[in-house]
Amino acid sequence: MTVPRISIILPIRNAATTLPACLRSLARQRFTDYEVLAIDDGSDDESPAIVAAAAAGDARIVPIKAGRIGLTAALNLGLALARAPIIARMDADDVMHPDRLALQYQALMAQPQLALIASRVVAFPAREVRAGLREYLRWQNRVLTPEQVAAEIYVESPFAHPSVMFRCEAVQRLGGYTNEPWPEDYELWLRMHAAGLQMAKLPRNLLAWRERPDRATRTDPRYARAAFDELRACFLANDPRLHSGRALVYWGAGRVTRRRARRLIERGFPPAAWIDIDPAKIGQTIWGAPVHAPKWLDRQPRPFVLVYVTNHGARDLIDGWLAEMGYQPGRDYLSVG
């Protein structure tokens with residue numbers, strides 16, 4: 001049996017209503033040299049029968065009945081069984097653009113320095129897409145280059161998981177997906193970043209990402225706000241940019257922001273100062289550090305700034321103010337979601 005160039009890891013859990021559209025999108029791919037590892041995670045609906053029927057007509061589809069092992073274990077099983085050197089992720093409720101595999105594979109082959117290439121995504125159906133998701137995708141879809149990914153990796157996950165394609169060996173070398181109680185995809189991107197691996201995104205909408213109220217990101221505690229905050233603090237504490245000897249300044253002196261920042265502060269990164277635009281806070285002292293207006297940052301030597309403001313619109317304004325003072329994203333400051 002010839003070895004395919006791409007292994008598509010497709011975990012499935014009770015996806016009978018959406019799986020047919022997903023499989024049709026795979027069959028329509030312009031790039032055809034792939035295998036589909038259809039890993040059934042203990043479905044008790046018609047999903048296994050749908051996969052079996054598809055596999056009967058397409059030898060590239062490999063049904064795998066894993067039992068109820070959970071998403072992370074299913075993903076790691078896929079990595080272990082994959083025969084191709086390149087992995088494409090896919091979810092059973094999403095739909096690929098016909099050019100997705102071809103364009104991502106071409107990009108990886110042309111740029112050997114990249115370990116991962118994702119794509120822009122569009123959310124559907126429109127009636128289910130709320131303002132928060134639209135704003136998240138507006139941010140995510142503009143994070144394209146390796147430099148932008150590195151500068152904004154602590155904001156939120158810069159990739160929709162089912163949109164990524166990566167080199168299998170690079171991820172296996174890092175130990176695959178985590179079993180810790182954290183978002184498994186975001187943790188992997190952070191680990192890849194910490195290992196110095198370059199990641200990028202094609203400026204094309206190559207995946208239709210289905211929004212639904214029972215999405216795991218809304219129901220699983222691994223995707224709760226506290227889990228993301230703890231994960232970011234864990235990796236930030238080991239980021240070389242915070243060990244450069246520069247004074248550390250936190251932007252955002254409100255109560256909620258301080259509670260989130262405390263996870264990093266308690267790891268040994270106290271603030272030299274806080275930045276806020278609220279006149280009621282400016283001039284106060286919080287946890288031993290003064291609160292200043294943004295213009296205080298126009299100084300030499302420049303401190304390193306952690307922007308803990310979560311509103312994307314406000315963060316855009318802060319980016320503009322910092323740029324006017326000569327601060328470079330990733331080099332002089334990081335935004336933290």
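Let's start with aromatics. Tyr250, Trp274, Trp287 and Tyr308 form one aromatic cluster. Keep in mind that this is a predicted model. Across the structure there are 9 aromatic pairs.

Arg262 lies over the face of Trp287, 4.7 Å from the ring centre. There is another case of this kind to show. Arg302 sits over the face of Tyr327, and here the distance to the ring centre is 5.3 Å.

Pair one is α1 and α2. Helix α1 covers residues 19-27, and helix α2 covers residues 47-57. Their axes come within 10 Å and cross at roughly 25°. Angles under 35 degrees count as roughly parallel, so α1 is roughly parallel to α2. The crossing of α1 past α2 is right-handed. Which residues meet there? From α1, they are Leu19, Pro20 and Leu23; from α2, they are Ser47, Ile50, Val51 and Ala54. By class, the contact of α1 with α2 has 6 nonpolar residues, 1 polar and no charged.

Pair two is α10 and α11. Helix α10 runs over residues 225-236, helix α11 over residues 255-265. The axes come within 8 Å, and they cross at roughly 35°. α10 passes α11 in a right-handed crossing. On the α10 side, look at Arg225, Ala226, Asp229, Glu230, Ala233 and Leu236. They meet Arg260, Arg263 and Leu264 in α11. How many residues of this α10 and α11 contact are charged? The count is 5 charged, with 4 nonpolar and no polar.

Helix α12 spans residues 312-324. The axes of α5 and α12 come within 10 Å and cross at roughly 30°. The two helices are therefore roughly parallel to each other. Glu135, Tyr136, Arg138 and Trp139 are the α5 residues in this contact. Their partners in α12 are His312, Gly313 and Asp316. The α5 and α12 contact divides into 2 nonpolar, 2 polar and 3 charged residues.

Last topic: the backbone. Most residues other than glycine have a negative phi, and most peptide bonds are trans. Here are the exceptions I picked out.

Two peptide bonds to flag, then. The bond joining Phe124 and Pro125 is cis, with omega about -10°. Where is Pro125? It lies in the loop between β6, residues 114-124, and α5, residues 131-140.

Pro301 is in the loop between β12 (289-292) and β13 (304-307).

Then there is a phi value. Asn14 has phi near 50°, which is positive in a residue other than glycine. Asn14 belongs to the loop between β1 (6-12) and α1. And α1 brings us back to pair one, where Leu19, Pro20 and Leu23 are its contact residues with α2.

To recap, on screen. For the aromatics, go to the cluster of Tyr250, Trp274, Trp287 and Tyr308, then to Arg262 over Trp287. Finish at Asn14 with its positive phi. Over to you.

Note on methods: Residues are numbered from 1 along each chain as its sequence is written. This is a predicted model: local features need pLDDT of at least 70, side-chain atom pairs count only at pLDDT 80 or more; totals for chains, interfaces and linings use all residues. Side-chain values use heavy atoms; hydrogens and water are left out. Rings of Phe, Tyr and Trp (its six-membered ring) pair if their centres lie within 6.5 Å; planes under 30 degrees apart count as stacked, over 60 as edge-to-face and the rest as tilted. A charge sits over a ring if NZ of Lys or CZ of Arg is within 6 Å of the ring centre and within 35 degrees of the ring normal. Axes are lines fitted to C-alpha atoms, for helices over the stretch in contact, and angles run from 0 to 180 degrees between N-to-C directions. Helices (H or I, at least four residues) and strands (E, at least two) are DSSP runs, numbered from the N terminus. Angles under 35 degrees count as roughly parallel, over 145 as roughly antiparallel, 65 to 115 as roughly perpendicular and the rest as oblique. A crossing is left-handed if the near helix is turned anticlockwise from the far one by less than a right angle, and right-handed if clockwise. Contact means heavy atoms within 4.5 Å. Ala, Val, Leu, Ile, Met, Phe, Trp, Tyr, Cys and Pro count as nonpolar, Asp, Glu, Lys and Arg as charged, and the others, Gly among them, as polar.
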